[in-house]
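Open the model in your viewer and keep the selection tool at hand. The stops below follow one another.

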Amino acid sequence: MRHFDPHSLALFVAVCDHGSIAAAAEQMAIVPSAISKRMTALEQQAGVRLLIRRKRGIMVTPAGEVMLRAARETLSSLERLQAELSEFS
């Protein structure tokens, strides 16, 4: 079973939302090369191409759309879990 890193998923969502690695990097306060490396690793882990990199941004592949939807759901679930657990602290 493959386990996807929540931070990589958050970076992936940011890249998709902003339409570019550079814009996502600026918003997430991380260098573009680090995000690019994470996106490559995420694609390798998924075993499919998620993004098409272009000179002026990215395009999300059909597999990337599936990953984007799942990433949003997963991150939302993790946020809900954290909120519920915080009630016990």
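**Start at the end of a helix**

Select Gly19. This residue follows α1, and its phi is positive, near 80°. Keep in mind that the model is predicted.

**Back along α1**

Now select residues 6-18, helix α1. Check its length with a distance between the end C-alpha atoms: they are 18 Å apart. That agrees with expectation, because 13 residues at 1.5 Å a residue should span 18 Å.

Which residues of α1 are buried? Colour Ser8, Leu9, Leu11, Phe12, Val13, Ala14, Val15 and Cys16. Next, show what they pack against: α2 (21-28), α3 (32-46), β1 (51-54), β2 (57-60) and α4.

**Into the core**

The largest nonpolar core has 22 residues. Pick out Phe12, Val15, Ile35, Met39 and Leu51, which touch the most other members. At least two residues of this core come from each of α1, α2, α3, β2 and α4. The biggest contribution is that of α1, with seven residues. In soluble globular proteins, nonpolar side chains tend to be buried together.

Centre on Val15. Beyond its neighbours within four places in sequence, Val15 contacts Ser20, Ile21, Ala24, Ile35, Met39, Leu51 and Ile58.

Is Leu78 buried or partly exposed? Leu78 counts as partly exposed because its relative accessibility is 36%.

Terms used: Residues numbered from 1 in each chain as written. Predicted model: local features only at pLDDT ≥ 70, side-chain atom pairs only at ≥ 80, totals over all residues. Heavy atoms only, no water. Buried < 20%, exposed > 50% of the residue type's maximum accessible area, 1.4 Å probe, protein only. Helix = DSSP H or I, 4+ residues; strand = E, 2+ residues; numbered from the N terminus. Expected span 1.5 Å × (residues − 1). Contact = heavy atoms within 4.5 Å. Core = buried A, V, L, I, M, F, W, Y, C linked by side-chain atoms within 4.5 Å.
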